[in-house]
Amino acid sequence: ILLALISRARTGQGQVVDIALLDAAVSILGLPTGIVAATGRSPGRLGNAHPSLAPYEPYQAADGQVIVAVANPRLWSRFCTAVGLEDLEHDPRFATNSDRLAHRPALNARIAQVFEATRVGELIDRLTAAGVPCGRVRSIDDVLADPQLAARNMLVEIPAGAASVRVPGNPVKLSAAPVLPLEPPPALG
């Protein structure tokens with residue numbers, strides 16, 4: 001929409017803005033599209049695992065899930081030290097990212113042994129201190145309880161008959177044109 005407005009300001013001509021949900025979804029498939037273009041094969045279903053980096057996925061901890069993002073050799077070394085798996089760093093099966101991808105099931109089995117015996121908070125503290133990107137995998141309830149949502153006015157109450165319902169607010173925040181409060185949907189009939 002902004003591009004159309006800029007174009008109108010420059011040319012004086014308006015235009016139709018056409019955005020399809022399918023197009024928007026495909027636009028975020030850059031990496032899998034590149035894999036198909038390079039190999040001629042679909043990367044297949046990986047769940048939440050990264051198709052070309054390992055370890056780069058969520059793991060079950062003692063009290064929840066933790067996602068880790070080990071994207072380069074420096075992070076691999078830091079990861080191994082932080083979680084007490086120094087032996088993996090020098091194991092030839094896991095020496096390079098390509099090796100870790102080829103042996104992902106064995107790698108994940110070893111990581112799972114450590115993570116399943118450790119609480120999420122401890123893992124995040126250790127990984128964060130080592131500079132390894134990570135985070136707690138949160139449920140929808142956890143996300144909705146985040147105080148940042150209240151601070152950003154992202155959960156709002158709208159009237160719904162005799163009561164009210166909590167719904168997501170508008171994520172667009174404009175300094176000179178605040179978003180108007182949400183209105184309830186029209187009543188039946």
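**Close-up 1. Met154 and the residues it touches.** Not counting residues up to four places away in sequence, Met154 touches Leu149, Val167, Pro168, Gly169, Asn170, Pro171 and Lys173, where contact means heavy atoms within 4.5 Å. This is a predicted model, in which local features need pLDDT of at least 70 and side-chain atom pairs count only at pLDDT 80 or more, while totals for chains, interfaces and linings use all residues. Residues are numbered from 1 along each chain as its sequence is written, and side-chain values use heavy atoms, with hydrogens and water left out. Met154 sits in the loop between helix 10 (147–151) and strand 4 (155–160); helices (H or I, at least four residues) and strands (E, at least two) are DSSP runs, numbered from the N terminus. Is Met154 buried or exposed? Met154 counts as buried because its relative accessibility is 18%, given that buried means under 20% relative accessible area, exposed over 50% and partly exposed in between (1.4 Å probe, protein chains only). From Met154 to Arg166, 12 residues apart along the chain, the C-alpha separation is 9.9 Å.

Close-up 2. Asn153 belongs to the loop between helix 10 and strand 4. Its phi is positive, about 55°, although Asn153 is not a glycine. With a relative accessible area of 48%, Asn153 is partly exposed. Ala150 is found in helix 10 and counts as exposed, at 63% relative accessibility.

**Close-up 3. The largest pocket.** Here we look at open space beside the protein atoms. Rolling a probe the size of a water molecule over the atoms shows where empty space is left. On a 1 Å grid over the protein atoms alone, a pocket is an open set of points where a 1.4 Å probe fits, with protein on both sides within 12 Å along at least five of seven lines; lining residues have an atom within 4 Å of a point. The largest pocket holds about 230 Å³ of space, a volume being the space filled by probe spheres set on the points, which are joined across faces, edges and corners. Which residues lie nearest the centre of the largest pocket? They are Asn153, Val156, Asn170, Val179 and Leu180, out of a lining of 15 residues. The lining divides into 9 nonpolar, 3 polar and 3 charged residues. In this count Ala, Val, Leu, Ile, Met, Phe, Trp, Tyr, Cys and Pro are nonpolar, Asp, Glu, Lys and Arg are charged, and the others, Gly among them, are polar.

**Close-up 4. The largest nonpolar core.** In soluble globular proteins, nonpolar side chains tend to be buried together. A nonpolar core is a set of buried Ala, Val, Leu, Ile, Met, Phe, Trp, Tyr and Cys residues joined through side-chain atoms within 4.5 Å. The largest one has 23 residues, of which Val66, Trp76, Phe79, Val83, Phe115 and Leu127 touch the most other members. At least two residues of this core come from each of strand 1 (56–61), strand 2 (64–69), helix 4 (73–82), helix 7 (104–115) and helix 8 (120–129). Helix 4 supplies the largest share, 5 residues. Leaving aside neighbours within four places in sequence, Val83 is in contact with Val114, Phe115, Leu123, Arg126 and Leu127.

**Close-up 5. Aromatic rings around Trp76 and Phe79.** The whole structure contains 3 aromatic pairs. One is formed by Trp76 and Phe79, which are stacked at 6.1 Å centre to centre with 20° between the planes. Rings of Phe, Tyr and Trp (its six-membered ring) pair if their centres lie within 6.5 Å, and planes under 30 degrees apart count as stacked, over 60 as edge-to-face and the rest as tilted. About one helical turn separates Trp76 from Phe79, because they are 3 residues apart in helix 4. Both residues are buried. Ring pairs also link Tyr59, Trp76, Phe79 and Phe115 into a cluster.

**Close-up 6. Thr118 in its loop.** Thr118 lies between helix 7 and helix 8 and is buried, with a relative accessible area of 8%. Beyond neighbours within four places in sequence, the contacts of Thr118 are Ala61, Ala62, Leu123 and Arg126.
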